[in-house]
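Hello,

Here is the structure I promised to pass on. Have a look, and my notes on the cavities follow below.

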Amino acid sequence: MSAAGVIGVLGAGTMGSGIAQLACRSGAETLLHDPIPEALQRGLERARDGLQKEASRGRITAVEAQAATGRLHAVDDLTAFAPCELVIEAVPERLDLKHELYRQLSEIVGERCVLATNTSSLLVTAIAAGATHPDRVVGMHFFNPAPVMRLLEVVAGVESSTEALELATVTGEAMGKTVIRAKDGPGFLVNRCNRPFGLEALRMLQEQIADIETIDRIVRMEGGFRMGPFELMDLVGIDTGFEISKSFFEQSFGEPRWRPSPITARYVAAGRYGRKTGRGYYDYSSDPYRPPDPDPDPDPPARADAKVAPAVGGVLGRILCQVINECTFALGEGVGSAQDIDTGMVLGLNYPRGPLAWADEIGLDHVLAVLDGLWEEYREERYRPAPELKRLVRAGRLGRTSGAGFFSYQED
């Protein structure tokens, strides 16, 4: 199957303009629409500027940028999408709005046109209910900023057809993306698997196992992450993260692993939303907002976790084992493959390595022991080990040392 040759992009905000930039750069005739004329003009200029920046940085040639710009067209009416083979929707996350737009689009485009939503918080299946042909609706979840991030999640709703998913996949690849496949559900694959990164850090803060700065420093220094969980939550926006947490909890009908933290609720109530308000878990009135990390020191008292209270698994181990556990739940439920999970976490969230490959290095029996220890200490469902993890350990698939874990290892 060939990539879509005519692509419509509905919504000219930050994500929509970035997707339009990718679409015209891939060689497709690209139609950009927004019902607000000023927003449409800003989005068009943003996409054109993005192409010029790519040329100035050597990512594409000046000739390629000019040709791409010539394929990008602003349209002031949805009826202009009639010739589209693919329409990518990037409008505000309101289900009623999306239903109305998909109803309109169904009357305009051909029956074989694929309608793709860039939603990150709504179910693809729920959005597809507004279309005449829900089998032609898929998720195409780009990561922000869309022209820069290398990952694309293609999400299958309950009714999504094989042909629609394949068109979305090959079009994403034509845009230069590494495409992973996910089954519809809260957070799809990547955002779901990352839930414990912040939630477990918040739980340890709540229990005074370690303070904010110490938790972040351990995650950076011992885990190799670019940012600690509290820095990341400040960057995303604590209010935004809180709404996402509530959405996860509601869509899962109260899954204990995804219960929002009361700490987040208090910070939101105080108006401390993170970087955008100048204060969140850190105070951004001074630069830098935190001291630099110390040089690695083998002397135990100088280690990053010197101020940590005794805890099962330690700070990094507890966060990492909970992330691995969530990844294993997703794997066992068929939300995505082991390779797609690891690829998504590395390319979509800048993990230093894939969590499942990391688990194979640690040893699945060790991961299970940490989770069992947390279960014994708390007797809370949030710490129950994933059935797939227990099955792998019982089968002797303990990781690299045993020759197989989540992945298989053979001697050269």
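For the lining counts, Ala, Val, Leu, Ile, Met, Phe, Trp, Tyr, Cys and Pro are taken as nonpolar, Asp, Glu, Lys and Arg as charged, and the others, Gly among them, as polar. This is a predicted model, where local features need pLDDT of at least 70 and side-chain atom pairs 80 or more, while totals for chains, interfaces and linings use all residues. Residues are numbered from 1 along each chain as its sequence is written, and side-chain values use heavy atoms, without hydrogens and water.

Searching the whole structure gives 2 cavities of 30 Å³ or more. A cavity here is a set of points on a 1 Å grid over the protein atoms alone where a 1.4 Å probe fits but cannot get out, and lining residues have an atom within 4 Å of a point. Points are joined across faces, edges and corners, and the volume is the space filled by probe spheres set on them.

The second largest cavity, at about 40 Å³, has a lining of 8 nonpolar residues, with no polar and no charged ones. Among them are Phe197, Val219, Phe225 and Tyr351. Helix α13 gives the largest share of that lining, 4 residues (helices are DSSP runs of H or I, at least four residues, numbered from the N terminus).

The largest cavity has a volume of about 60 Å³, and its lining divides into 2 nonpolar, 2 polar and 4 charged residues. Glu200, Arg257, Glu326 and Arg382 are among the lining residues. Two or more residues come from each of α8 (195-206) and α13 (314-332).

Best wishes

Technical notes. 1 Å grid on protein atoms, 1.4 Å probe; cavity = no way out; pocket = protein on both sides within 12 Å on 5 of 7 lines; lining within 4 Å.
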